[in-house]
Each structure stands twice: as C-alpha cells, then as structure tokens.
Amino acid sequence: MTMMASSGKATVTLPAPNQILITREFDAPKDLVYRAWTEPELVRQWWCGERGEMTLCEIDLRVGGMWRYVMIASSGGFEVAFHGEYKEIVENERIVSTEAYEGLPEGMDPDEEASLNTATLTEVDGRTTLTTLVEHRTQEGRDMHINSGMEGGMNEAMDRLERVAISLA
Amino acid sequence: MARAATTADAFNAVAEPRRRQILDLLADGERPVNDLVRETGLGQPQVSKHLRVLREVGVVDVREEGRQRLYRVNAEALKPIHDWVKDYERLWTERFERLDSVLEDLKDKEQGDDDDGK
C-alpha cells in the first residue's frame, strides 16, 4: 500500500444529480498541464492510471474535431473505449468536449448518452488547479458514468480500511 | 409516490454542503434540532428540511426521547455511498499521479531547453 502522494487525491463531488465535478491541483504552470491534457503522446502516459495500457489515443484538437481513447484493462483484458467531439477550445484555459462511453449496454446509443465535459485551468503562483465538470442529460447517465470507472475487485482491501473511518470532509 | 432510496439519491443528499455540515455535527453523537440550528447558524425550517432529506435517503435516523427528537448518523447507510464514488475518485487519483510525473518531465525539458538556448 502506498502513502498519500504529496499532491493529493483527486476530489470528486456530485454538485447536482446529473453532474460530476473532479478537482485537482498540480505543481506546474497551466500551459504544461494543458499540454499533458491535449497531446496524445503525453495523454498516453497517464490516462490509464494503474488500470491498463492505452492502445489508441487520437486527438483532433479543434472545434468540431473528434477524440478517441482506447485502453486494454489489465484486469480481464477487455477493451474500454471513449470518444467525443471538441465544442470549445481556449488554449491553456478551457476545453469543452463531449464524452461518449462505447461500452454502454446493448440498445443504448453512446452519443445520445454522452456527457458534456468542461475542463478549466486556473494558475496561482505557478500551481494549476484543473477542474472538470461532467454534465449528463440525466441522473441515470451520470450514475452509469461513475459505474463505468468501477473495476470489480480492485482495491477492496483499501476500501475496507477506509470504511473504518468514514470521512465526509 | 414513495420509492426506495438508491445509493445515488443518498449521494446527492450528502453532496449538499449544508447537509454535509449537519452530518459532520451528527458524527460526534446524537443531537436535537436546536443544537444543529445553533451550530450551523441556519434557521430551524432549513435544518428540518435538510434533516428530512437525509432521513428520506436513510443516512440519518431519529428517535423520540421525552419531548425531544434526537437525530443520529446511520453509518451503515453511509458506507455504500462512500464506496460508490470512491473507486471513480481513485481512478482519477491514479491518473493525476501519473500526470504529475508527465509534468515533472515537461518541466525538466523546459529547463533543459532554456539552458541550451544560452
């Protein structure tokens, strides 16, 4: 088990029934965070976390351009794919794009269930806060989005440990 | 009309900052409404409304003692809420820890480029 990283955890809150808000501060200026967020060879290095290998990372960074990320999950070897369209791009400041999960249950249209994601960068004293607001049309869509991040069996021991001290802070 | 509260409903209920504050106060032990009104600085109607939402999704319980109603946290009901979003949060924590390394590399490179330029 690893200790808490110095830069800290991502903070995830659910500000409204159809929304997810992800916040994290980075020890780097915003132009670098922007590059790491938008250049495929850099995205490849972080997007899978500890959960697999990225097999495709396409980014056509212009309004109306598409993106598509594909990874092979290390637990189970299945493919997980997402895609979307860029709606608004302000270099080093903000990216608005859609995000569709291609692994939805049969009969559901990923593009119809896509979320609208707004990533915003703010820099103070050389440190950058990245906030990503994920907005779904419905609460059900939002809940499925959160569940799509679930990897059964992973980190159960840690969960159990955390249950000892439930913190809402 | 009444439907079973889901984990998602409960999460939304506790995502509201004032309700979190109330839960934090109740985490220290059972309390009557008046205590919560005093500590939060909210009006009694607001506190009662928040408590009602928290009770509806099952994360707060109430019992009568004499003329008082005492509220307490139902820790059992909070666990799945906590766990539900926890794995999603962990995914992003993993991603961002890797992003930290990417940023360190970028900073090193920029530093190197600056040196080369001199």
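This passage describes a predicted model, taking in turn the contact between its chains A and B, a pair of packed helices in chain B and the surroundings of A:Pro110.

The contact between the two chains draws 36 residues from chain A and 33 residues from chain B. On the side of chain B that touches chain A, the elements giving two or more residues are helix 1 (7-15), helix 2 and helix 5 (75-116), and the largest share, 25 residues, is supplied by helix 5 of chain B. By residue class, this side of chain B comprises 16 nonpolar, 14 charged and three polar residues.

Within chain B, helix 2 (residues 17-27) packs with helix 3 (residues 33-40) at an angle of about 120°, the axes lying 11 Å apart, and helix 2 of chain B is therefore oblique to helix 3 of chain B. The crossing of helix 2 of chain B past helix 3 of chain B is right-handed. Helix 2 of chain B contributes B:Arg18, B:Gln21, B:Ile22 and B:Leu25 to this contact, where they meet B:Leu36, B:Glu39 and B:Thr40 of helix 3 of chain B; the residues involved divide into three nonpolar, two polar and two charged.

In chain A, A:Pro110 is placed in the loop between strand 6 (94-101) and strand 7 (115-124). Because A:Pro110 has 17 C-beta neighbours inside 10 Å, A:Pro110 counts as partly exposed. When residues up to four places away in sequence are not counted, A:Pro110 touches A:Ala100, A:Tyr101, A:Glu102 and A:Leu104, while the C-alpha atoms of A:Pro110 and A:Glu99, which are 11 residues apart along the chain, are separated by 8.7 Å.

Notes: Residues are numbered from 1 along each chain as its sequence is written. Chains are lettered from A and ligands numbered from 1 in the order in which they are written. This is a predicted model: local features need pLDDT of at least 70, side-chain atom pairs count only at pLDDT 80 or more; totals for chains, interfaces and linings use all residues. Axes are lines fitted to C-alpha atoms, for helices over the stretch in contact, and angles run from 0 to 180 degrees between N-to-C directions. Helices (H or I, at least four residues) and strands (E, at least two) are DSSP runs, numbered from the N terminus. Angles under 35 degrees count as roughly parallel, over 145 as roughly antiparallel, 65 to 115 as roughly perpendicular and the rest as oblique. A crossing is left-handed if the near helix is turned anticlockwise from the far one by less than a right angle, and right-handed if clockwise. Two residues are in contact if their C-beta atoms, placed from the backbone, lie within 7 Å. Ala, Val, Leu, Ile, Met, Phe, Trp, Tyr, Cys and Pro count as nonpolar, Asp, Glu, Lys and Arg as charged, and the others, Gly among them, as polar. A residue is buried if 20 or more other C-beta atoms lie within 10 Å of its own, exposed if 12 or fewer, and partly exposed in between; C-beta atoms are placed from the backbone.
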